Amino acid sequence: MWTILRPATFIATLLLIAYGVAITEDRADPRWLLVLSVIAVLWYVALRTQFSARLARNAAPLIHVALVLCIGFGLVTVQVLRAQLLDRDRILARAGNPASGVVDIRRYVSDRRTERGRILFRDGTVIARDIVRSDGTRARIYEGVGAYLAGYYSPALFGASGIEARYDDTLSGHAALTWQTWLDGVLHRNQRGNDVILSVDPRLQELGQSLLGDRSGGAVLLDANSGAVLALVTSPGYDPNRLSVPLGASKEEVEGARSYFDALQADGRGPLVLRPIQGLYVPGSTFKTVTAAAAFEFGMARPDTVYRDDGALAIDSRIIIEQNRPDPNRVSYTLQEGYGYSLNVVFAQVGLQVGAQRLEQMARALGFGEAIPFDLPVVPSQLARSPDFLTSQAGIAETAFGQGQLLVTPMQMALVAAAVVRDGTIPQPYLVEEIRRPDGTTVRRHQPVTWRRAFSDSTAQALRDVMVWSVEHGYASGARIEGAVVGGKTGTAEVGSGAPHAWFLGFAERGDKRIVVAVVVEHGGSGAQVALPIGRALLDAALTGG
């Protein structure tokens with residue numbers, strides 16, 4: 001019996017360890033600890049009975065104590081092996097970020113002997129790299145327009161942010177991307193970090209930055225086919241060089257960085273906020289694209305459905321005044337015309353026709369309320385702040401034309417446009433395109449992934465038609481590009497007593513290229529006059545690029 005039980009116990013132990021590793025990510029996970037407890041029981045039962053049959057009764061207590069000690073030693077060995085072989089990267093990554101509250105100074109000292117990987121744009125433009133200073137210490141420097149996309153690496157003071165933090169284990173060479181790097185890590189050999197290549201086109205990034213200028217706002221330009229971020233523009237930004245404090249930095253350097261960081265935090269414009277993914281804005285009329293999607297998807301209306309708009313609409317105690325009618329003497333408009341002329345009275349009626357439940361369902365299908373999978377954290381967009389806001393008719397109407405309690409990121413709206421040109425599917429956006437070893441060979445390259453389906457292809461086609469009509473005949477006519485199919489929607493979002501936010505949401509197609517853009521200029525005024533020219537220029541440049 002024991003000749004079968006002991007090998008069976010050994011095999012069961014290996015299977016349990018493999019199972020525990022597969023279902024847990026931490027050696028302190030209760031499920032992993034439960035697996036170890038089961039293993040301990042198996043070992044005890046298998047060994048105790050055998051020994052008890054062979055030894056005298058008066059020696060049994062001593063044997064039991066010895067068994068318990070041996071099993072405990074065995075479990076500790078399993079834990080140590082897991083920490084060293086499997087959990088090492090995660091532990092080091094946490095210890096490498098002071099922001100996590102845990103600092104392993106030995107890791108930093110080790111890192112400073114190793115050249116950290118570079119961060120580059122897709123054409124090879126380097127935006128973050130290591131240098132060796134005259135005193136022999138290693139420091140991180142940032143260069144070029146959009147260097148803030150790298151984040152900052154400040155081991156002596158702030159830790160890391162952005163791509164520097166998200167891909168810290170890759171840049172530092174600790175990530176076990178290959179068998180060789182895994183073995184080097186286990187043996188604590190010095191390594192050169194891997195390079196991280198972003199999908200950003202520096203030509204488009206620079207164009208977006210120059211068009212936005214000193215105005216606060218953001219823009220995101222996506223390749224709708226793949227989800228690649230071609231430009232991720234924010235303004236105002238910051239200089240990551242002034243936050244990068246290496247080990248061994250002088251007292252003046254540390255105080256200078258601390259003072260600069262305090263100034264950035266005190267700046268009311270929020271220069272540390274990466275607006276395309278972290279800025280939440282009232283979307284204004286660009287949200288009419290979502291309302292129209294709900295109407296088409298649930299069969300509540302078609303592009304040629306006619307609505308009355310005589311200049312005002314009373315809903316409960318709210319009076320919606322129409323300011324966008326192209327002809328004050330005309331009182332009937334199709335949904336398509338209401339979209340192209342941005343008629344709030346029309347879309348208030350469309351919203352009431354759709355209802356809160358269907359509007360929420362469509363917003364959720366487009367990703368509202370959840371984190372968009374991306375290389376950096378994206379703040380979830382929201383349909384309403386108060387749970388009961390959409391229970392009122394006025395709340396539904398205001399939301400339907402882009403006001404109410406809506407808050408969105410430019411990234412969220414760009415994905416809405418992507419769903420329109422992709423027959424209803426949304427790509428998973430990405431910023432990191434490739435990981436390369438120091439010798440230039442590719443370790444990992446991003447493969448385009450579809451995140452979800454938002455609506456049917458017939459709904460996508462109807463939305464595409466109304467967006468194109470908006471450019472061909474409506475108020476977004478300034479977005480036309482010679483030789484390209486362009487669809488768009490302007491937005492002028494009311495935000496209290498200040499000037500409205502200017503928005504533009506659009507797409508452009510030429511050949512097999514499909515590009516989408518979302519632009520917001522804070523308190524910029526008219527979307528058609530301020531945001532549209534920026535979006536149109538980015539779309540045109542993306543189509544004509546290589």
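The chain has 546 residues, and 53% of them count as buried, where buried means under 20% relative accessible area, exposed over 50%, and partly exposed in between, calculated with a 1.4 Å probe and the protein chains only. Please keep in mind that this is a predicted model, in which local features need pLDDT of at least 70 and side-chain atom pairs count only at pLDDT 80 or more, while totals for chains, interfaces and linings use all residues. Residues are numbered from 1 along each chain as its sequence is written, and side-chain values use heavy atoms, with hydrogens and water left out.

The chain contains 19 helices and 19 strands; these are DSSP runs numbered from the N terminus, with helices (H or I) of at least four residues and strands (E) of at least two. Ser342 lies in the loop between α13, which covers 335–340, and α14, which covers 344–354. With a relative accessible area of 6%, Ser342 is buried. If residues up to four places away in sequence are not counted, Ser342 touches Ser285, Lys288, Glu322, Asn324, Glu337 and Lys489, a contact being heavy atoms within 4.5 Å.

For the chain as a whole, among contacts between residues at least 6 apart in sequence, 67% join residues at least 24 apart. The chain exposes about 23600 Å², and carbon and sulfur atoms supply 55% of this area, which comes from the Shrake-Rupley method with a 1.4 Å probe; for residues, only the protein chains shown count as cover.
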